[in-house]
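Here is a short tour of a protein model, written for someone new to reading structures. Keep the 3D view open and click along as you read.

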Amino acid sequence: MHSSHILLEEPIRMVSILDPSKPSFFPAMTKIVGTLGPQSRSVEVISQCLVAGMSVARFDFSWGDPEYHQETLDNLKTAIKTTKKLCAVMLDTVGAEMQVVNKSEKSISLEVDGQVVLTPDQGHEASSEVLPINFDGLAKSVKKGDTIFVGHYLFTGSETTSVWLEVAEVRGLDVVCTIKNSATLAGSLFTLHASQVHIDLPTLTEKDKEVISTWGVKNKIDFLSLSYTRHAEDVREARQFLSKLGDVSQTQIFAKIENVEGLTHFDEILQEADGIILSRGNLGIDLPPEKVFLFQKSALYKCNMAGKPAVLTRVVDSMTGNLRPTRAEATDVANAVLDGSDAILLGAETLRGFYPVQTISTVGKICSEAEKVYNQDLYFKKTVKYVGEPMTHLESIASSAVRAAIKVKASVIICFTSSGRAARLIAKYRPTMPVLSVVIPQLKTNQLKWSFSGAFEDQLPTDLWECLFTTTARQSLIVRGLFPMLADPRHPAESTSATNESILKVALDYGKASGVIKSHDRVVVCQKVGDASVVKIIELED
């Protein structure tokens, strides 16, 4: 304990991702990432999305300019303050994405068995005969018989807004293709994907670097979704780039696996990344359909054993235009939970879909039902066996806390943490009850810029929601079963046991107010006392 720390008599304040005045503490343990766009960028709709269960907002920079996204983010901040439901921010890069540019934005009709030329010459206007692309190396990368997909947000190909092409011949820098299905392309930009072909484009483009160093730094992004990650070196380069930018040096990098090349190097990528996003839209094109589920299960298992969050995309495509998912989609969401996914990422469904709030709510309900039948006992045994012996000190404490909580049927696990590592390790063992992660800031000079004018008076500043949540707290919003609370920063991690007891009381009171903890419930607490880590069981009185 440092003598400069003064223990105040007034109640310790906490802020949380959730509002205890609401009847439902959390829709599901599995988190939901929502992509914000035209249909979901107003304060009103974002507020409804937060209440429905969105805990991470994704900003997709493959379209829209920084000013557009800034307006959306400003609306998100307003929604967070009004709903008192915290939300993390994810920046999704463009990466090595090939695109068809349609400057006129006129609809383009393509007829089956016809031919169309893909050209890097952007002086051409997009038409039924010619599609200008943003990459001049396609002709060197493909050969006759290769498959190329062009579509809007990479749908399944079953609808008439995406087209399958087969390479007929390579003519200089142009690629002549045979059209395999009739389609109408509408809009200004379409994604182009060449199946199982290496594309010589950088993973972190100059445009990406510019966006991160301006928009990303200004907004202190929590997550960077690194599109088209193909090698561990891609993650290392991105981390090196972030490390030079100060305010985003603590940003977590989620490697987005989108093709066979990324899957081939999956193990080494997982070692370097903070988390994984399985982009099933692109993977579904690169892989034979019958192989997709195998790679999904294998990748999620590896993420679970490594204790790193795994995020799955493309689950309820049909809800872009419909109020209800198909039976297959509902089953797919449930299986994602049973396979071990930490979060579900919604793309077009919330970005441009007609029912963003209903989609989040529906996915949350399906996740909740799947969690009820999740075989935690089997998973726990598998994880302990995989970790092996001797366990590290932290791993041992985390697994013991979960085992104790299950044995005594605790209603919640409360974990005191400053870095978030202990809480994430507890969540790794997938307890059946929520983990309240009480984030106790480590105050260091000039490291955290806390706004404390008037804080020692009657209340903390009015911009409490913006200034008090550390990156650590927000980054737990993508981990299954983990729910952050932030202790008053005047009580740092190096503190007395009396302070810890005070914070624990506030956490318990919060749990009671939110309905998670009831009289006579048991609660498992994981905290540091001096140099030792302690797991204790508390039985509550009336």
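Predicted model: local features only at pLDDT ≥ 70, side-chain atom pairs only at ≥ 80, totals over all residues.

You'll find V217 in helix α4, which covers residues 206-218. Which residues does V217 touch, if you skip its neighbours within four places in sequence? The contacts are I212, L245, D247 and V248. Take D247 from that group: it is 30 residues away from V217 along the sequence, yet the two C-alpha atoms are 5.8 Å apart in space.

## The barrel

Now look for the closed barrel. Eight strands make it up, in the order β2-β3-β4-β14-β15-β16-β17-β18, and the pairing is parallel. On average, neighbouring strands of this sheet are turned by 25° against each other, if you ignore direction.

How many bridges join β2 to β18? There are four, linking β2 (residues 31-35) with β18 (residues 343-346), and the two strands run parallel.

## Around β3

β3 is mostly covered, with seven of its seven residues buried. Helix α2 (residues 66-83) packs on the sheet here, touching both β3 (54-60) and β4 (88-92). The direction of α2 makes about 170° with that of β3.

Helix α1, residues 43-52, belongs in this picture too. Its buried residues are V45, I46, S47, C49, L50 and A52. What do they pack against? The answer is β3, α2 and α12 (356-372). Just after α1 comes G53, with a positive phi of about 135°.

## V116, fully covered

Next, jump to strand β7 (residues 115-119), where V116 lies. V116 counts as buried because its relative accessibility is 0%.

Who surrounds V116, leaving out residues up to four places away in sequence? V116 touches L110, S128, E129, V130, L131, L165, V175, V176, C177 and I179. For a sense of distance, S127 is 11 residues from V116 in sequence, and their C-alpha atoms are 8.8 Å apart in space.

Find helix α9 (residues 289-306) and helix α13 (residues 376-387). They pack at an angle of about 70°, with their axes 10 Å apart. That angle makes α9 roughly perpendicular to α13, because 65 to 115 degrees counts as roughly perpendicular. The crossing of α9 past α13 is right-handed.

Which residues meet at this crossing? From α9 come Y301, N304 and M305, and from α13 come Y379, K382, T383 and Y386. Sort the residues of this contact by type and you get four nonpolar, two polar and one charged.

First, some background: most residues other than glycine have a negative phi, and most peptide bonds are trans. Where does this model have a cis bond? The peptide bond joining E389 and P390 is cis, with omega at about -5°. P390 is in the loop between α13 and α14 (393-407).

Two residues other than glycine with a positive phi are worth a click. R430 has a phi near 50° and is found in the loop between α15 (421-428) and β20 (435-439). H520 has a phi near 70°, and its place is the loop between α18 (497-513) and β22 (522-529).

H520 is exposed, with a relative accessible area of 51%; the cut-off for exposed is over 50%.

Conventions. Residues numbered from 1 in each chain as written. Heavy atoms only, no water. Pairing = 2+ DSSP bridges. Axes fitted to C-alpha atoms, helices over the stretch in contact; angles between N-to-C directions. Contact = heavy atoms within 4.5 Å. Parallel < 35°, antiparallel > 145°, perpendicular 65-115°, else oblique. Left-handed = near helix turned anticlockwise from the far one by under 90°. Nonpolar A, V, L, I, M, F, W, Y, C, P; charged D, E, K, R; others polar. Buried < 20%, exposed > 50% of the residue type's maximum accessible area, 1.4 Å probe, protein only.
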